[in-house]
Amino acid sequence: MLVVSMVLVLVCAFLIPCPPRDLHSTWSRHLGPQGGGDLSPLDLADVNGDGLRDVLLSFVPSGNGSAAGVSGPPAVLVCLSGMNGSTLWSSPLPEEARDITCLDLTPGNLAKTVCLVTGTHKMLSAFNGTSGKAMWTLNPNYLSNGTLAAPAVVLPDVDEDGVRDLAVLVIGELQPDLCFLLVSGRTGSPVGRPVKYNIVGVGNLIGPQVYITTSGAAYILFGFGNIQAVALRDIFVQAQNRDSLPPSLQIEEPEWEKRRSVNLSELIDVYSSGVELLQMVKAPDSNSSNLLITTRQGLVLLRGQNLTPSWALGVQGLRSQPTPGYFTDDETIDFLLQIPNGVGMKKVMVVDGDSGLVTWSYSIPCHMKETPATSAATVEQKSVFLFWAEGLSAASPNPDVLGSEPPSLHHLYLLHPTFPSILLDLANATGTVTASEVGINDLWKDAFYVTRTTGPSSEGHPAPLVVSKLSLRWALMEGQMVQLEETTSKIGRGELRRFLSRIKFVDSPYQVTSLGKKVCGYS
């Protein structure tokens, strides 16, 4: 019997193919010069079924200048293999893309990945992630004279056809002139008529974002420098011109409903003014999310259950998005911030997500504006934080001591909460890092870091576009250790390497969404 079992094991070992190992742990792909465009959409998704997340991006090719009577230059949607950076497919776009979001619109089924692409004007299309073929495109005539104000957001299945649906915010020439349009996730056709709202605010457009309460009630958050909410059921009733609701929209959240205006307006006041950014943060020990609000004065965390403040932190000059991750030991999501701190300097700090107190900070040289930061979760429910800055010498990390490197050379640094007095210098790049994403190789418990970099450009020539992938476990072994301060308990290089070699990365146990898209959670 034992011999039979051994034979079966050997037969299975030869007949069942093993998942491909990510042998190409690091690659860089030059996509040629860009012809313009201010946005840098980037997303990761396994579109070819090899177990590795692939890279999707869009750009405006060089040489496609606008001609008379044409609204703008065409753009290209490209999918690169996560294994080696080769092109899996590319599709032309009628306008520059604002956002790329890849997901499964049919939960519970083994459906193929769908990539939603929102343009800067009137384009909303769904692409088959495997083939790159367009599945549907929203007819721009439904937008009338308006344009898409933000990326499409994903809703529950409101038309009950088994596929999740979408909502887009359409804005006219005047600020108060905006409306929501519900769109079928299956066909790209409108689900009813546009629903208009007149709101006035001062500042950036916030949202739209979808919030699902613990009881299952769905609200859409949006505003101009403020945050207001409207129940998805109210939009649906007006769009369909009927009172009957699907089961998913029959739920109300009493704590939110109490905040409606005195005149029983459909709009619910969430936060009054000064809002720069809005993120949704998974609440500890709960299926709901809290609201992290970046204002001109600092950060505020609102409890999602009743919209009351949990804590507030006063900090001036915060413009880039806080990066979530686990830094402290309380299993509450913390946040890494990057704040300008004088000419050519920035302060990097970590804020305790439970108390709002600063638990780590360091000033570092950086001339690159609003460089993206990100994080990757480990099996120990800790996170490593990744951010860009200029070179720090391992011998003299004093940021006041200028190095010999040119300001155009930037370094990727990694901070691990176990060693707060050490940064690991993982890689460097010239030009400007405009977008970054972290993905997980589930088989090898590795994380990989993908960057989209522009430039530097030479006089008279457009800036080149470069996409790069870096294996974090490989980079941890090769990185240069930078001691930030003198400590009595210095760690040796060998001890640090042994610790780093045991790190295993996992899919993020938290989820943060911004503009309806995960920014630091990994699908």
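**Exercise 1. Which strand does S8 (residues 124-128) join, and through how many bridges?**

Solution. 
Step 1. Three bridges link S8 to strand S9 (residues 134-137), and the two run antiparallel. Strands here are DSSP runs of E with at least two residues, and helices are runs of H or I with at least four, numbered from the N terminus. Two strands pair if DSSP finds at least two bridges between them.
Step 2. Take phenylalanine 127: its bridge partner in S9 is alanine 134.
Step 3. Now look at the turn. S8 and S9 make a hairpin with five residues between them. Glycine 132 in that turn has a positive phi of about 80°.

A note on the model: it is predicted, so local features need pLDDT of at least 70 and side-chain atom pairs count only at pLDDT 80 or more, while totals for chains, interfaces and linings use all residues. Residues are numbered from 1 along each chain as its sequence is written, and side-chain values use heavy atoms, with hydrogens and water left out.

**Exercise 2. Describe strand S25 (residues 345-351) and its pairing.**

Solution. 
Step 1. Start with burial. Six of the seven residues of S25 are buried, so the strand is largely enclosed by the rest of the structure. Buried means under 20% relative accessible area, exposed over 50%, and partly exposed in between (1.4 Å probe, protein chains only).
Step 2. Find one partner. Strand S24 (residues 334-340) joins S25 through six bridges, running antiparallel. Leucine 337 has methionine 349 in S25 as its bridge partner.
Step 3. Check that turn. Four residues lie between S24 and S25 in their hairpin, and glycine 342 takes a positive phi near 95°.
Step 4. Find another partner. S25 pairs with strand S26 (residues 358-365) over seven bridges, in the antiparallel sense. Lysine 347 stands opposite serine 363 in S26.
Step 5. The hairpin of S25 and S26 has six residues between the strands, and glycine 356 has a positive phi of about 80°.

**Exercise 3. What is the strand order in the open sheet of four strands?**

Solution. 
Step 1. The order is S1-S33-S32-S31, with antiparallel pairing.
Step 2. Strand S1 (26-33) and strand S31 (432-441) are the edge strands, each pairing on one side only.
Step 3. From one strand to the next, the twist averages 15°. Axes are lines fitted to C-alpha atoms, for helices over the stretch in contact, and angles run from 0 to 180 degrees between N-to-C directions.
Step 4. Zoom in on S1. Six bridges join S1 to strand S33 (residues 464-471). Arginine 29 stands opposite valine 467 in S33.

**Exercise 4. Which residues does valine 210 contact, leaving aside its neighbours within four places in sequence?**

Solution. 
Step 1. List the contacts (heavy atoms within 4.5 Å). They are Val153, Val154, Leu155, Tyr219, Ile220 and Met280.
Step 2. The C-alpha atoms of valine 210 and phenylalanine 222 are 9.2 Å apart, and the two residues are twelve apart along the chain.
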